[in-house]
Amino acid sequence: MAEIKSEKWKKINKSKKERPEIQEYKDWEELSPIPISLPIKGSMGETGDWRTFRPVIKEDCNKCGICWMYCPEGVIIRKEDGSFEIDLKYCKGCGICAKECPTNNIEMLRESDIKDG
Amino acid sequence: MVETPKDFIQKEENVIIKGNVAAAYAAKSARVQVISAYPITPQTTVVEKLSEFADNGEMPGTQYIKVESEHSVLASIIGASKAGTRTFTATSGQGLFYMHEMLHWAAGARLPIVMAIASRGPAPPWNIWADFTDVLSQRDTGWMSAFCSSHQEIYDEILMSYKVCEDHNILLPKFVAYGGFILSHTSKPVIIEDQDKVDNFLPPLLDEEGWPHIWMDPKRPMMFGNLIMPSGFYQEFRLKIHDAHIRAKEKIIKAAQEFKQLFGRGYGNGLIQEYKMDDAEVGMIIYGDLALQMEDAVDYVREEGYKVGMVKLRHFRPFPTEDIIGVAKKVKLLGVVDRATAFGSQTGGPVSCEVKAALHGTKDTANILPIINGLGGREVTLEQQKNQLRKLVKFNETGEVPKDTIHGTLWDCLLEVK
C-alpha cells in the first residue's frame with residue numbers, strides 16, 4: 001500500500017522576500033496544498049486563440065486612448081509616439097474597443113476572412 | 001500581537017457559565033484576531049458574549065466584522081484567514097446550511113478556521129433544539145468535526161482544535177459541535193485557563209508573512225483556487241485534502257496528550273473516549289451531550305450485573321476507523337446511538353452507517369444495532385438509556401433482534417397517542 005507524504009510540498013511563503021515569481025514543482029506532491037497562480041503574462045495560455053473577430057485600428061485614429069482605457073484584458077498598448085497597438089497574442093476579440101471608439105476607427109474583421117486573404 | 005490591558009489579562013478562574021459562553025471564552029483565550037458571526041438560535045449568545053468582550057476592550061487585538069448573513073460570515077472569515085489571522089465563527093442549523101458553499105471554499109483553500117456549532121434540528125418541521133443532523137450533513141465538505149459532551153469540553157476542544165488545524169502539515173478547518181440548548185443554554189462550572197498557559201499550548205499567532213501556502217499582499221497579488229482544466233491537478237488537490245484528514249488523526253491524539261499534560265484534563269485518546277469497555281460484553285457508541293448521561297446509565301446497568309460499556313465518539317471527521325475496529329473487537333455487540341438522521345442510508349443514522357462501513361472487511365468484529373433517539377431536542381432520559389443498554393444485553397444473549405426496530409434500526413421511544 002502506497003503512502004503519500006504530503007509534507008513534501010514546498011513552503012512557498014517562507015518569507016516575504018522569498019515569495020516566488022512562479023511556482024516550480026517536479027510532481028503534484030510538491031505542489032502547495034491549494035491551487036494558486038502567481039500572475040504572469042500568459043498564465044492561462046495564449047488567449048488570442050479564442051478570437052473570432054480581430055480589432056483593426058484604422059489610419060484616422062485620433063489617439064484619444066478610450067479603447068486603451070476600456071480594454072478589459074489590457075492588451076492595447078500605447079506606443080511612444082502616442083499611437084496604439086493591439087497585442088494579438090492575447091486579444092480575445094471581445095469588441096469592446098470597437099464599440100467604445102468615439103470616431104468609429106476600430107473595425108472588427110472576421111479572422112477567417114483575414115486568413116483567407 | 002496587540003498587548004492586552006493589564007486588567008483584562010485572563011487568570012485561571014472557575015466560573016459558572018453557559019456552553020455558548022464557554023465557546024466565547026475559548027475564542028478569547030486563543031487570542032482570535034478576526035471574528036465574524038451572524039446570530040441564530042441557539043448560537044446567539046456566543047456572538048453576544050464575543051461582541052461584549054470586543055466592546056469592553058477585553059480583546060484588543062480582535063476585529064469583529066458585522067455582516068448580513070451566514071454566507072457572508074464565512075466569506076469574510078475566509079478572506080481574513082487568508083491574510084494570516086486566527087479566525088473564529090459560530091453558527092447553528094439553517095445558518096450552517098446557508099454557509100454550505102463557502103464551507104467547501106474554506107476547506108479547499110486549506111484555511112484553519114474553527115467554527116463552534118450549537119447544533120439544532122433542520123427544518124421543516126421548524127426546530128431549534130439539539131440534533132446533530134446540521135453538522136453531520138456537512139460530512140463531505142472537507143471540514144474536520146468534533147463533538148463535545150460537557151461545557152468544559154467545549155472550551156478545551158476549541159483550544160485543541162486550533163492546535164491541530166494550524167499545524168502547517170494539516171491546514172484544515174474544523175467544526176466544534178455541541179447540542180443546542182442542552183449545552184448551549186445551561187450553566188455549569190468551567191475552568192478558564194491562565195492566558196500564559198494557553199499561549200504556551202497554542203502555536204504562536206502568525207506575523208505578517210502569513211501561512212506557508214497563501215498570502216494576501218496588494219503589492220504581490222496572487223490568485224488562488226482558480227480554474228483547473230480536467231487535464232490539470234484537480235484530482236491531486238482533492239487527494240491532498242483527504243490525506244491531510246488521515247494524517248490529522250495522529251495530530252489530534254498528540255494535541256490531546258499535550259493538553260492533558262498541561263491542563264490536567266484528558267479526553268480519551270482525543271479521537272474516542274472509552275468508558276468501562278475493557279471487560280464489557282456489549283458496548284454503546286455515542287457522541288455529543290448524551291454521552292455524559294450514558295456513563296451514568298452504564299454504571300446503573302453494571303450494578304444490575306451486566307457487563308456493559310460505552311465509547312464516546314469525539315471526532316466524526318477524520319473518522320477514527322482504527323479505534324472503532326479496536327473497540328469492535330472487544331465486544332460481541334455494539335449499539336450506535338445517533339441523534340441525527342441520514343435518510344435513505346443503510347441504517348438511517350449517519351454515525352451508525354459510518355461505524356458499519358469501518359468494520360467491513362475486518363473479521364471477528366461486533367454486530368451493530370443502530371439506534372436513533374432524541375431528534376429535534378426530544379428529551380432522552382437516563383431510564384431510556386438504561387433500557388437501550390438492557391435491550392443490547394438481551395439481543396446479545398438471545399440473538400433475537402429487538403421487536404421494535406424499524407428497517408433494522410431502533411427508533412427509540414416513538415410517541416404513542418393515548
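Me: In what sense do strand 10 and strand 12 of chain B pair, and over how many bridges?
Reply: They pair in the antiparallel sense, over four bridges. Strand 12 covers residues 308-313. Keep in mind that this is a predicted model.

Me: Which residue stands opposite Ile272(B) there?
Reply: Leu313(B), in strand 12 of chain B.

Me: What sheet are these strands part of, and in what order do the strands come?
Reply: An open sheet of seven strands in chain B. The order is 10-12-11-14-15-17-16, and the pairing is mixed.

Me: Which are the edge strands?
Reply: Strand 10 (272-275) and strand 16 (405-406) of chain B. Each of those pairs on one side only.

Me: Which way do the residues of strand 14 of chain B point?
Reply: Leu333(B), Gly335(B) and Val337(B) point one way. Leu334(B), Val336(B) and Asp338(B) point the other way. All are buried.

Me: How does strand 11 of chain B pair with strand 14?
Reply: In the parallel sense, over four bridges. Strand 11 is residues 282-286. As a landmark, find Ile285(B), which stands opposite Val336(B) in strand 14 of chain B.

Me: And how many bridges join strand 14 to strand 15 of chain B?
Reply: Six, and the two strands run parallel. Strand 15 is residues 367-372. Here Gly335(B) stands opposite Leu369(B) in strand 15 of chain B.

Me: Through which helix does the chain cross from strand 14 to strand 15 of chain B?
Reply: Through helix 12 of chain B, residues 350-359. This β-α-β crossover is right-handed.

Me: New topic. Where is Pro318(B)?
Reply: In a loop of chain B, between strand 13 (315-317) and helix 11 (321-330).

Me: Why is Pro318(B) classed as partly exposed?
Reply: Because it has 19 other C-beta atoms within 10 Å. A buried residue needs 20 or more, and an exposed one has 12 or fewer.

Me: What does Pro318(B) touch, leaving out residues up to four places away in sequence?
Reply: Met144(B), His245(B), Ile246(B), Ala248(B) and Lys249(B). Take Lys249(B): it is 69 residues from Pro318(B) along the chain. The C-alpha atoms of the two are separated by 6.6 Å.

Me: Now the two chains. How many residues does each give to the contact?
Reply: 26 residues come from chain B and 19 residues from chain A.

Me: Which element of chain B gives the most to that side?
Reply: Helix 9 of chain B, with five residues. By class, the side of chain B that touches chain A has 14 nonpolar, six polar and six charged residues.

Me: What domains does chain A have?
Reply: The domain assignment gives domain 1 (7-40) and domain 2 (47-115). Their centres, taken over C-alpha atoms, are separated by 35 Å.

Me: Last one. What scores does the predictor give the complex?
Reply: An ipTM of 0.71 and a pTM of 0.88. Chain B averages a pLDDT of 94, and 100% of its residues score at least 70.

How values were computed: Residues are numbered from 1 along each chain as its sequence is written. Chains are lettered from A and ligands numbered from 1 in the order in which they are written. This is a predicted model: local features need pLDDT of at least 70, side-chain atom pairs count only at pLDDT 80 or more; totals for chains, interfaces and linings use all residues. pLDDT is the predictor's confidence in each residue, from 0 to 100. Domain bounds come from an automatic or database domain assignment. Two residues are in contact if their C-beta atoms, placed from the backbone, lie within 7 Å. Two strands pair if DSSP finds at least two bridges between them. Ala, Val, Leu, Ile, Met, Phe, Trp, Tyr, Cys and Pro count as nonpolar, Asp, Glu, Lys and Arg as charged, and the others, Gly among them, as polar. A crossover is right-handed if, with the strands pointing away from the viewer, the path from the first strand over the helix to the second runs clockwise.
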